[in-house]
Amino acid sequence: MSLRMKGIAVFLLALCCCLSGTQGQGDHEDQKARCPSDICSLMKELISIGEKLGTMGEKLGTMGDNLRLMETRLQTSENEVEELKRLTGGRPQVAFSATLRETGTGDTGLFTTPIPLQYKKVFSNTGSSYNPATGIFTATVKGMYYFRFSMMNNLNAPPNSVVCLTKNGQRLVSVWDTTGSDANDSGSNAVVIPLEVGDNVYVELQANRQVYDDVMNYNTFSGFLLFTM
């Protein structure tokens, strides 16, 4: 019980004693009519009420402490958010880079229809806009983006490799090698394009074509947000 509640209980007890003393000065027959046990019961009840008030006061104090702790944590979180905004200038952070194979070596293809290449080994994926399970980058922020991709042709001659950077099913730029007798040719290409939220960008391997990769990671797909619009 808090000191304040104890004081209330003592005050109530003293009040009851005063009431008892006052009754002692009255008519003798009236004193007989009154039951001293009623006064004791009243005293006990008042003391119990005082103790309950004290317990409630302690619980309210604990709730107040918890509330102050939550306020402190909230202020800390707000400070961290403000610091992050200061470091990033308040701009969304979107960037990724991936390569074709996690393990192993060999050609990818031949497929009867064009398919998005799935660059499974992810080096970075800030903003989680690139999906290695599909090979597709999906814009979550409207803005201007930079994309770059590279390709190694199929291992054995004759060369038979064609890949295209594609936006929403529309081919933008390509890298290809389909003639000659040499092997181990590679190339790359890049674009800067505007994207709306929900636009998809991916590297598409054309039908009946192949690309080669191994632990040297010749086939890559990367991109990042230049600025919002």
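User: What percentage of the 229 residues in the protein is buried?

Analyst: This is a predicted model, so the value is computed from predicted coordinates. The protein has 3 helices and 13 strands. Of its 229 residues, the buried share is 30%.

User: How many salt bridges does the protein have?

Analyst: One joins the side chains of D65 and R68, at 2.2 Å from N to O. Another joins K142 and E196, at 3.8 Å. R171 and E204 also pair, at 3.3 Å. The count is 3.

User: In which helix do D65 and R68 lie?

Analyst: D65 is partly exposed at 44% relative accessible area. R68 is partly exposed too, at 48%. They sit 3 residues apart, about one turn of the helix. Both belong to helix 3, residues 36-88.

User: How many residues apart in sequence are the parts that K142 and E196 tie together?

Analyst: The two side chains meet in a salt bridge of 3.8 Å. K142 is in the loop between strand 6 and strand 7, and E196 is in the loop between strand 10 and strand 11, so the pair ties together parts whose separation is 54 residues.

User: Is E204 buried or exposed?

Analyst: E204 forms a salt bridge with R171. The cut-off for buried is under 20% relative accessible area. E204 has 10%, so the residue is buried.

User: Which residue's side chain makes a polar contact with the side chain of N160?

Analyst: N160 lies in the loop between strand 7 and strand 8. A polar atom of its side chain is 2.9 Å from the backbone oxygen of N208. The side-chain to side-chain polar contact, at 2.5 Å, is with R209.

Definitions and conventions: Residues numbered from 1 in each chain as written. Predicted model: local features only at pLDDT ≥ 70, side-chain atom pairs only at ≥ 80, totals over all residues. Heavy atoms only, no water. Helix = DSSP H or I, 4+ residues; strand = E, 2+ residues; numbered from the N terminus. Polar contact = N/O pair within 3.5 Å; in protein donor to acceptor, adjacent residues only side chain to side chain. Buried < 20%, exposed > 50% of the residue type's maximum accessible area, 1.4 Å probe, protein only. Salt bridge = Lys/Arg side-chain N within 4 Å of Asp/Glu carboxyl O.
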